[in-house]
Amino acid sequence: MPVPSALRSVVLEAAALLLSAVCGGCGLPGTLLCDVCRAELIPDPRAVRTPEGRNVHVALTYQGVAARCLRRLKDEGETLLARPLGSALAAVLGPAVSHGALVVPVPTSRRAFRRRGFRVPDLLVRRAGASPTRALRWTRAAHDQRSLGAMERRDNVRAAMRAVADGRGAAVVVVDDVVTTGATLDEAARALEEAGYEVIALVALAATPTNAVSG
């Protein structure tokens, strides 16, 4: 029986994607993530602290394979890498979410959403097996945090978020992709608590190596 042209086209496109793919961690051709690099994404849960002293539960260190995969997801649109990264996030997100708690990703700026076409924290939350609740929004544009120091990061995001509704005591877990100083998570928690939410945990996929480990 002849293969329908539409199906044949899909199969050919999928094969072309596989053949043109390179490992997100090491560049090995023919795969989106090789076995060696996949092993580097095995979670190593720990806690780091924000400037305000809040604990953030993280799954990975933002270096090596984890950093390269996340950059390819964010900068090159390799959304298939969200699945193994989301699996790592699940190791810290799952235990943090109590029954009935909302999972609230740190909001994505309009500029970043227009550039990428997707929201990175939301995508990672879904790949971790949870449903994101968009309970936060930016009230003003913040500068790109990557070139800023710790004090500048805190000032950059201060009073820059607002909850979209009255929390009425609802429990929430706040999720980000990478923690550098934790200033963004502090601001997210502040905005939610101001609106009446109870922030029960802060979670992130990865933390930079310079972030102090609390245990």
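Analyst: A definition comes first: two strands pair if DSSP finds at least two bridges between them. With that in hand, and bearing in mind that this is a predicted model, P105 stands opposite V175 in β6.

User: What makes β3 and strand β6 a pair?

Analyst: At least two bridges are needed, and β3 and β6 (residues 171-179) are joined over 4 bridges in the parallel sense, so by that definition they pair.

User: Why are β1 and β3 said to stand at the edges?

Analyst: The open sheet has 5 strands in the order β1-β2-β7-β6-β3, with mixed pairing. β1 and β3 (102-105) each have a single partner strand, so one side of each is left without a neighbour in the sheet. For β1 (residues 46-49) that partner is β2 (residues 55-61), to which it is joined antiparallel by 4 bridges.

User: Why are α3 and α6 called oblique to each other?

Analyst: Helix α3 (residues 64-76) and helix α6 (residues 120-127) pack at about 125°, with their axes 11 Å apart. Roughly perpendicular ends at 115 degrees and roughly antiparallel begins over 145, so the two helices are oblique to each other.

Methods
Residues are numbered from 1 along each chain as its sequence is written. This is a predicted model: local features need pLDDT of at least 70, side-chain atom pairs count only at pLDDT 80 or more; totals for chains, interfaces and linings use all residues. Side-chain values use heavy atoms; hydrogens and water are left out. Axes are lines fitted to C-alpha atoms, for helices over the stretch in contact, and angles run from 0 to 180 degrees between N-to-C directions. Angles under 35 degrees count as roughly parallel, over 145 as roughly antiparallel, 65 to 115 as roughly perpendicular and the rest as oblique.
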